[in-house]
Amino acid sequence: RFLMMGGAGTLYVNKEHTMMVKDQPDYMEELKPLAAALTANLERIRSYSDWAWTYVTPPFNLTWEGRDTGEYIIGGEEFITNDKGESYISYRDFAKAMIDITENPEYIRKRVCVLSR
């Protein structure tokens, strides 16, 4: 099983999946090269038909010092926020989500995003 962590800049901002967060005019210029590399990685992983892969994308705010909620949301390929309008997860909650995603065959050959409730 191959598990890769991506970046929030690679999430789509429209239902047609033609525009990513990184394509927004206010996206930080210094993060654009990283977002482009992560997008290329995702496309390369998608090309491997014989791998059991999952590409997990954290929200914008992935923090060591943040509050742990013990709960998280697993989304798809589109940028989402929680009920409070936050794009946030603590490292502890993210690690729990990664383990749960790895153990669930539903997420094989898919890209998902994760954030705290």
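How many aromatic pairs does the structure hold? I find four aromatic pairs, a pair being two rings of Phe, Tyr or Trp (for Trp, its six-membered ring) with centres within 6.5 Å, called stacked with planes under 30 degrees apart, edge-to-face over 60 and tilted for the rest. I note that this is a predicted model, in which local features need pLDDT of at least 70 and side-chain atom pairs count only at pLDDT 80 or more, while totals for chains, interfaces and linings use all residues. Residues are numbered from 1 along each chain as its sequence is written, and side-chain values use heavy atoms, with hydrogens and water left out.

**Rings**

I looked up Phe-2 and Trp-51, whose ring centres lie 5.1 Å apart with planes at 55 degrees, so the pair is tilted. Phe-2 belongs to strand 1 (residues 2–5) and Trp-51 to the loop between helix 1 (32–46) and strand 2 (53–57), so the pair ties together parts 49 residues apart in sequence; helices (H or I, at least four residues) and strands (E, at least two) are DSSP runs numbered from the N terminus. Phe-2 is partly exposed at 33% relative accessibility, and Trp-51 is partly exposed at 34%, where buried means under 20% relative accessible area, exposed over 50% and partly exposed in between (1.4 Å probe, protein chains only).

I then turned to Phe-60 and Phe-79, a tilted pair with 5.6 Å from centre to centre and 55 degrees between the planes. This pair links distant parts of the chain, with Phe-60 in the loop between strand 2 and strand 3 (61–63) and Phe-79 in the loop between strand 4 (72–75) and strand 5 (88–90), 19 residues apart.

I also recorded that Phe-2, Tyr-48 and Trp-51 form one aromatic cluster.

**Lys-22**

Is Lys-22 buried or exposed? I find Lys-22 buried, at 19% relative accessibility, in the loop between strand 1 and helix 1. Leaving aside neighbours within four places in sequence, Lys-22 is in contact (heavy atoms within 4.5 Å) with Gly-9, Tyr-27, Lys-32, Ala-35, Ala-36 and Thr-39.

**Helix 1**

The buried residues of helix 1 are Ala-35, Leu-38, Thr-39, Leu-42 and Ile-45. They cover an arc of only 125 degrees around the axis, which puts them on the same side of helix 1, the arc being that of the directions from the helix axis to the C-beta atoms. These buried residues pack against strand 1, strand 2 and strand 6 (110–116), whereas Pro-33 and Arg-44, on the other side of helix 1, are exposed.
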